[in-house]
Amino acid sequence: MLNHLVIKNYRNIPNLSTPILDGGNIIIAPNGSGKTNALESIYYSVLGESFKPMESSSEVIGPGKEFAKVSTKWSNDSLDVTISNNEKLIRNFQLNTKKTLISKVSPRFPIILFAPHTVDLVIGEPQIRRSDLNAFLSILNPEYKKVLTKYNTVLKNRNAVIKQIRDGRVPEKMLDFWTEKLVENATQIYDYRVDFFERIKSFFLDAQMVLFGLENFTLNIKYIPNLEPVDSDFKSSLVQKFANNRSKEIIVGKTLYGVHKDDYNILLNEQNLKFKGSRGQQRIGISVLKFAELLLYFERYNIYPLLLLDDIMSELDDVNRSKIAGYLLEKKLQFILTSAEQKEIPAILQNSCNRIELASVE
C-alpha cells in the first residue's frame with residue numbers, strides 16, 4: 001500500500017506532501033491544476049517513464065527549476081526518484097535510501113493506470129498499445145522487464161550493424177551474432193505475451209459482466225503478433241523469417257520483424273472497437289482491460305495493485321459511474337481517482353474516500 005506522497009518541482013507542482021489512505025483517495029480540481037501530474041509522478045517513480053508523450057525526462061522538471069523529486073512511502077519501503085538536468089540529464093532511483101535500478105522497482109510497487117489518453121489504446125498507433133502492455137507485464141513478472149531491456153539493446157545494435165553492412169563497412173556475417181541474440185530474447189517476450197493474452201480473456205469477461213453487463217454488447221481482446229509462428233514454433237519461424245529477408249533488411253537499413261512490432265485489438269462483438277465502437281464504448285473497453293489486469297494480478301499475488309484513475313468518470317453516464325464506484329468499494333482496494341467536476345463523482349465515493357488537496361505547501 002502507498003502511504004505517503006511527497007512531490008517537489010514536478011511539472012506544475014512545486015510542493016506537495018499528502019498521506020494516501022488505504023481504500024479510496026480522490027482529487028477533485030480544475031483542469032490544469034496538476035491532478036494528472038500527481039498521478040504521473042507516482043507512475044514515473046515506479047516505472048521510470050511517463051504515461052504522457054514526451055521527448056525527454058527533463059520535461060517533468062518544473063519551469064525554471066534544476067531538479068524534480070518524487071518520494072513515496074509504501075508499507076515497508078521508501079522510494080525516491082530525482083531527475084536533474086544540469087548540463088546533462090541524471091536520474092537517480094533510491095530504494096530504502098540505496099541506489100537501485102528501475103528494473104528492480106517496477107515489480108515491487110504494482111500500479112495500474114487509467115488516464116484520458118488511454119482511449120488511444122483503442123484508436124492510437126500500435127506503439128501506444130505495446131508501451132502499455134510492456135508496463136503491465138513489467139509489473140506482473142519481474143523477469144519481463146529484464147528481457148525487454150535486453151531485447152531493445154540488441155535491437156539497437158542489430159540495426160546499427162545492418163546500416164554498416166549496407167554502407168559496406170562490415171561483412172554480412174557480422175549480423176549473425178545479433179540475429180541470434182534478438183531471436184533468443186524475442187522468443188521469451190513472445191511466450192510472456194501469449195500467456196498474458198490467454199489468461200486475460202477470462203478476466204476480461206468477468207470485469208465486463210460485473211461493471212457493465214452483457215446486455216447490449218460483448219468485449220474481447222486479441223493478440224496480433226508481428227510474426228505468426230509456423231506449427232506453434234515461434235523461434236524457428238523468426239529465424240527463418242530473418243534468413244529469407246536479410247537482403248531486404250539491409251536495403252532498408254533496419255530490423256523489419258520481431259516483437260517490437262506486435263499489436264493487439266480490443267474487440268466489440270468480435271470486431272475492432274476502433275472502428276465499430278462509440279467513444280463511450282471505447283472508454284468502457286479500456287476500463288474493462290484495466291480492471292481485468294487488476295484481477296489477473298490479484299490471482300497471481302493475492303493482493304491488488306494501486307489503481308490510478310485519472311478522469312475515468314468523464315463521458316460515462318450516471319449508471320456506469322455508479323457501477324464503477326460500487327466495484328471499487330466492494331473490492332476494498334487502494335485507488336486514487338481524479339476528476340475536474342465534483343458532480344461526476346458518485347456520492348458514495350465522495351462520502352467514503354479521503355480527499356487530497358493540491359494546494360502547494362511552501
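A residue counts as buried when its relative accessible area is under 20%, as exposed when the value is over 50%, and as partly exposed in between. The model discussed here is predicted. By the stated cut-off, Leu-296 counts as buried, because its relative accessibility is 0%. The points below begin with the chain as a whole and then turn to its parts.

**The chain as a whole**

- The chain contains twelve helices and 14 strands.
- A compact globule of 362 residues would have a radius of gyration near 21 Å, and the 22 Å of this chain agrees with that value.
- Along the principal axes, the C-alpha atoms fill a box of roughly 70 × 55 × 35 Å.
- Of the 362 residues, 53% count as buried.
- Among the contacts in the chain with a separation of 6 or more, 70% are made by residues 24 or more positions apart.
- The chain exposes about 16,900 Å², and carbon and sulfur atoms supply 49% of this area.

**The sheet of E9, E10 and E11**

- Three strands, in the order E9-E10-E11, form an open sheet with antiparallel pairing.
- Strand E9 (219-224) and strand E11 (271-272) each have a single partner strand and stand at the edges, so one side of each is left without a neighbour in the sheet.
- Helix H10 (residues 279-301) packs on this sheet and touches E9 and E10. The direction of H10 makes about 120° with that of E10.
- Six bridges join E9 to strand E10 (residues 263-268) in the antiparallel sense.
- Asn-220 has Leu-267 in E10 as its bridge partner.
- In general, strands of a sheet pair through backbone hydrogen bonds, either parallel or antiparallel.
- The loop between E10 and E11 holds Asn-269. Although Asn-269 is not a glycine, its phi is positive, at about 50°.
- Asn-269 has a relative accessible area of 38% and is therefore partly exposed.

**Leu-296 in helix H10**

- Leu-296 has its place in helix H10, and its relative accessibility of 0% means that it counts as buried.
- Apart from residues up to four places away in sequence, Leu-296 touches Phe-136, Leu-140, Phe-196, Arg-199, Ile-200 and Phe-203.
- Leu-296 and Phe-204 are 92 residues apart in sequence, while their C-alpha atoms are 9.3 Å apart in space.

**Helices H4 and H6**

- The axes of helix H4 (residues 126-140) and helix H6 (residues 175-211) come within 12 Å and cross at roughly 90°.
- Angles of 65 to 115 degrees count as roughly perpendicular, and H4 and H6 are therefore roughly perpendicular to each other.
- On the H4 side, Leu-133, Asn-134, Phe-136 and Leu-137 meet Arg-193, Phe-196 and Phe-197 of H6.

- Strand E5 (residues 78-86) pairs with strand E6 (residues 88-95) in the antiparallel sense over eight bridges.
- Asn-86 stands opposite Lys-88 in E6.
- The hairpin of E5 and E6 has one residue between the strands, and Glu-87 there takes a positive phi near 75°.
- E6 also pairs with strand E7 (residues 98-99), in the antiparallel sense and over two bridges.
- The bridge partner of Leu-95 in E7 is Lys-98.
- Two residues lie between E6 and E7 in their hairpin, and Asn-96 in the turn has a positive phi of about 55°.
- Thr-97 lies in the loop between E6 and E7 and has a positive phi of about 70°, although it is not a glycine.
- With a relative accessible area of 60%, Thr-97 is exposed.

**Glu-249 in helix H8**

- Glu-249 has its place in helix H8 (residues 246-252).
- Is Glu-249 buried or exposed? Its relative accessibility is 0%, so Glu-249 counts as buried.
- Leaving aside neighbours within four places in sequence, the contacts of Glu-249 are Arg-158, Ile-162, Phe-242, Lys-254, Thr-255, Leu-256 and Tyr-257.

Technical notes
Residues numbered from 1 in each chain as written. Predicted model: local features only at pLDDT ≥ 70, side-chain atom pairs only at ≥ 80, totals over all residues. Heavy atoms only, no water. Pairing = 2+ DSSP bridges. Helix = DSSP H or I, 4+ residues; strand = E, 2+ residues; numbered from the N terminus. Contact = heavy atoms within 4.5 Å. Axes fitted to C-alpha atoms, helices over the stretch in contact; angles between N-to-C directions. Rg over C-alpha atoms; globule rule 2.2 N^0.38 Å. Buried < 20%, exposed > 50% of the residue type's maximum accessible area, 1.4 Å probe, protein only. Areas by Shrake-Rupley, 256 points an atom, 1.4 Å probe, with all protein chains shown as cover. Parallel < 35°, antiparallel > 145°, perpendicular 65-115°, else oblique.
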